[in-house]
Amino acid sequence: MQLPAHGSNTKYVYDSLGMKQPEQIIDFSVNTNPLGAPEVLREKWDEWFDVINDYPDPYANNLMEQLAVQENIPVTHLLAGNGAAEIITLIARYLTGSRVAVIHPAFSEYATACENEDCEVIPIVLSEPDWNLDAAALENQLQGVKAVFLCNPNNPTGMHYQRETVEAFMEICKKTNTLCIIDEAFYDFLPEPVTYIKTVLHQEHVLIIRSLTKMYSIAGLRLGFLAGNPALLQKISKSKPHWSVNALAMKAGIACLQDKAHVAETRKFIEAERAVIFQKLEELGFEYSLSRLNFYLLRDPALPVQKRLFQYLLKQGLVLRHTENFPGIEGKRLRVAVKQPEANKKLLEALTVWKQEN
Ligand SMILES: Cc1ncc(COP(=O)(O)O)c(C=O)c1O
């Protein structure tokens, strides 16, 4: 059995390695908000119960209206999805049979979804440890490519590309007549969030993917959206199941968007916690990616691939995210979520012992 393609659902990691999952585990492989969902969801949950009796609004209008105000773009430029994952699938269906490129390292679903739709997927692999993107150098590679995916801020590195780079990338895509798809699922974790969503108002070749499941820790509810020009959104939405976004997700989404304090608190918490973690990793002699998000890449420079460290931690119930299916990284690093201080401390203690023993 192969290692699972995604984080979370830790049982599958243990099963794939023929290991027994310990009673107590800490899941560092899932990169949702360590502070959890906004408290308002718990408070309102019972009140929302009745919405499950009826079919949800197929266009998620109330939610989209609120997003339109928040993002300051017309609602006609937005499409709701059952998580960003559904949005990626819809885009892939729209691209069926085309040549598509993915800038790696990146979330694995772009390639998987496009391959499932018989696309020819061209990997463009950036070099570690900086993963710099030289937009101008891509012009040749993007000739004849219908669409390209860029994950910014980046999963798995936690880093983000500079504004000049992203703007140059969008320009090159325009020149080569390539649809430029930027996934901003984690943009709101940046200490100073940068978004390119407004570009869709004047650039028809740009699509921006967003998720609400990360910042608001509602991965089990599923909620995301796509921003783009209305004619293109209409084509992309053709294969969308009519009621794909459920009514509880809509209620929760609206409440989440109103909770600005939760977002501010999350950013502050993560920045402080990440600084503590990085300092300790430095002391212990581990390498880490210069992440500005709620996860980072970890590497013991003594190991060419991190499998032994991965399994050592799994035995103790500390589940990190393998990187076997991230082209360009392929096991040379492990992805780790920033969790609550107690959990982070446990991991750092385990890493301390690892270094003493190895
Ligand atoms: C970069 C990126 N985009 C999109 C998704 C999918 O998010 P959602 O939970 O909204 O489907 C993920 C999930 O891990 C992700 O890492």
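In the predicted model, K332 and E128 form a salt bridge (a side-chain nitrogen of Lys or Arg within 4 Å of a carboxyl oxygen of Asp or Glu), with 3.2 Å between the closest N and O atoms. Side chains of opposite charge can pair when their charged atoms come close. Between domain 1 and domain 2, the count is 2 salt bridges, and the structure holds 16 salt bridges. Local features were considered at pLDDT of at least 70 and side-chain atom pairs at pLDDT 80 or more, whereas totals for chains, interfaces and linings use all residues of this predicted model. Residues are numbered from 1 along each chain as its sequence is written, and side-chain values use heavy atoms, with hydrogens and water left out.

Domain 1 comprises residues 11-30 + 261-357, and domain 2 comprises residues 39-258; the bounds come from an automatic or database domain assignment. The C-alpha centres of domain 1 and domain 2 are separated by 26 Å. In the interface, 23 residues of domain 1 are in contact with 25 residues of domain 2, contact being defined as heavy atoms within 4.5 Å. The size of an interface is often given as the accessible area lost when the parts come together. For domain 1 and domain 2, the buried area (the accessible area, with a 1.4 Å probe, that two parts lose on being put together, summed over both) is about 2100 Å², with 65% of it on carbon and sulfur atoms.

On the side of domain 1 that touches domain 2, two or more residues each are given by α9 (260-284) and β10 (295-299). Helices (H or I, at least four residues) and strands (E, at least two) are DSSP runs, numbered from the N terminus. The largest share of this side, 6 residues, comes from α9. By class, this side of domain 1 has 10 nonpolar, 7 polar and 6 charged residues; Ala, Val, Leu, Ile, Met, Phe, Trp, Tyr, Cys and Pro count as nonpolar, Asp, Glu, Lys and Arg as charged, and the others, Gly among them, as polar.

The ligand is surrounded by 15 residues, of which A84, D183, S211, K214 and R222 are the closest; a residue is included if one of its heavy atoms lies within 4 Å of the molecule. A polar side-chain atom of K214 is 2.5 Å from a ligand oxygen atom. For N155, an N or O atom in the side chain lies 2.7 Å from an oxygen atom of the ligand. At A85, a backbone N or O atom is 2.8 Å from an oxygen atom of the ligand.

The peptide bond from E128 to P129 is cis, with omega near 5°, and P129 lies in the loop between β4 (120-125) and β5 (147-151). W131 is also placed in the loop between β4 and β5; although not a glycine, W131 has a positive phi of about 50°. A cis peptide bond also joins N152 to P153, with omega near -5°, and P153 is located in the loop between β5 and α6 (163-175).

Methods. A polar contact is a pair of N or O atoms within 3.5 Å; within protein, one must be able to donate a hydrogen and the other to accept it, and residues adjacent in sequence count only if both atoms are side-chain atoms.
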